[in-house]
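This report describes some side-chain surroundings in one protein model. Please look at the sequence and the structure before reading on.

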Amino acid sequence: GQPVYTPYEPVEGDEIVFKIKRDLYIPSGGEFIDDKPLLSKAVPIDTMKLTLLNADTSKLAFGKYVYNLVLTHNDQPFTFIDDYIHIMREV
């Protein structure tokens, strides 16, 4: 049958973190060569809205990066978005 999905409802202690990393993978394992985030920003659990400011990304070189959003719920981390972001010059 079809999986049953229940809407996420935040509880006290939950956190969501947005992280940007360089797009450098180990070809054989698909793991990051450097797993240290270049930018890590908490997303307020009450609004669940991420706001990136120019000051947040101003020290990053223009280019393609990998980002993810990780929800920690009941002390269990869960990556629910894993995608690419392009940092470009402001016009």
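## Surroundings of Tyr65

Apart from neighbours within four places in sequence, Tyr65 is in contact (heavy atoms within 4.5 Å) with Ile20, Lys21, Arg22, Leu38, Leu60, Asp83, Tyr84, Ile85 and Ile87.

The model is predicted: local features need pLDDT of at least 70, side-chain atom pairs count only at pLDDT 80 or more, and totals for chains, interfaces and linings use all residues. Residues are numbered from 1 along each chain as its sequence is written, and side-chain values use heavy atoms, leaving out hydrogens and water.

## The nonpolar core

Tyr65 is one of eleven residues in the largest nonpolar core, with Ile16, Phe18, Ile20, Leu39, Val43, Leu60, Tyr67, Leu69, Leu71 and Ile87. Such a core is a set of buried Ala, Val, Leu, Ile, Met, Phe, Trp, Tyr and Cys residues joined through side-chain atoms within 4.5 Å; buried means under 20% relative accessible area, with a 1.4 Å probe and protein chains only.

Two or more core residues come from each of β1 (15-22), β4 (39-43) and β5 (63-73). Strand β5 gives the most, with four residues. Strands are DSSP runs (E, at least two residues), numbered from the N terminus.

## Surroundings of Lys41

Lys41 lies in strand β4. Its side chain makes a polar contact of 2.6 Å with the side chain of Asp56. A polar contact is a pair of N or O atoms within 3.5 Å; within protein, one must be able to donate a hydrogen and the other to accept it, and residues adjacent in sequence count only if both atoms are side-chain atoms. A polar atom of the Lys41 side chain is also 2.5 Å from the backbone oxygen of Thr51.

How values were computed. Buried < 20%, exposed > 50% of the residue type's maximum accessible area, 1.4 Å probe, protein only.
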